[in-house]
Amino acid sequence: MDYKYYLNTSPGHVVAFLDILGFSAMIKANDTVESRSKGFVYNLQPIYDGVLSYFTEERQKEMEIRFLWVSDSIFIATKMQNVSKLIESVQYVVHQVYCSNLSLRGGIATGSLHFETNLWGTSIVNAVALEGKANMPRIIMTKEDFEALSPYMDKGFWIEDTDYFYLDYFNSIFTQWIAQGKDLECILSVYARCIQDNFNRSNKYEHKKKWSFLANELKRNIIKNSDYINSRCEYTKERAKASGMDTEDKCNTDISDCRRTPVFMKQKQGFWSYLGKQRQI
């Protein structure tokens, strides 16, 4: 007998599948860690709860998206015409992951979708398959899907590679923060620490190569925005001094768990100096 399944899907959807890198190894290495263990301890539950508190049912309805996070897998889905909201959600998740000293890679794909409490369809299948081809910690999209989604999103935050386009995350988040007049020193501290710590802890060449890729992406955008970064760093120092607060205290009031950093771009190679002058891989 020829069995078939009615999937109740509809066309015209887009899905982002994000995979937290090194999650299985992190779980195995930290299975016996207690919240009061010695050293700096990240508490995974509040991180998860914080993201879920952002993607409330009300917000998902308002943004017309669906959000699911299970173990190291995150799914965000919407209709193709609403892809800008999906990318906005992806940017939020990427930022939270970096702030947790982790990274991710992903795929964004179009296709059919069952868009209810659970999700399934060709868009899911395509996005999951695409994530495995990303290689580096980046979020990619096929050129066909990029063309199909171009009318509904800002194409300026995507970089064309040999076979795919990938999201220029640091460019997009810096552009957003600069437009809002925000200081970048603290966010740079968080990102640089994440990259440096994980690069130094990596024992395998292929793992170091991934963090080196992120370092180069961050460095490129630091150079691009060096004038703004330096001007805001000087402004932050003056404002902190006027309020009787040192720069580190001001930094910590802006972003929790944020380390004091030097002014990154006093020299073109300031970022590599901060990363311990690691050689590019």
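Predicted model: local features only at pLDDT ≥ 70, side-chain atom pairs only at ≥ 80, totals over all residues.
## Ground rules

Local features need pLDDT of at least 70 and side-chain atom pairs count only at pLDDT 80 or more, while totals for chains, interfaces and linings use all residues. Residues are numbered from 1 along each chain as its sequence is written, and side-chain values use heavy atoms, leaving out hydrogens and water.

## Helices H7 and H9

Two packed helices are described by the angle between their axes and the distance between the axes. For H7 (residues 169–179) and H9 (residues 205–224), the axes come within 9 Å and cross at roughly 35 degrees. Axes here are lines fitted to C-alpha atoms over the stretch in contact, with angles from 0 to 180 degrees between N-to-C directions. Helices are DSSP runs (H or I, at least four residues) and strands are E runs of at least two.

From H7, Phe-170, Asn-171 and Phe-174 meet H9 residues Leu-214, Glu-217, Leu-218, Asn-221, Ile-222 and Lys-224; contact means heavy atoms within 4.5 Å. The residues of this contact divide into five nonpolar, two polar and two charged.

## Cys-194

The whole structure holds zero disulfides (cysteine sulfur pairs within 2.5 Å). For Cys-194, the nearest cysteine sulfur is that of Cys-99, 8.6 Å away. Cys-194 is buried, with a relative accessible area of 1%.

Technical notes
Nonpolar A, V, L, I, M, F, W, Y, C, P; charged D, E, K, R; others polar. Buried < 20%, exposed > 50% of the residue type's maximum accessible area, 1.4 Å probe, protein only.
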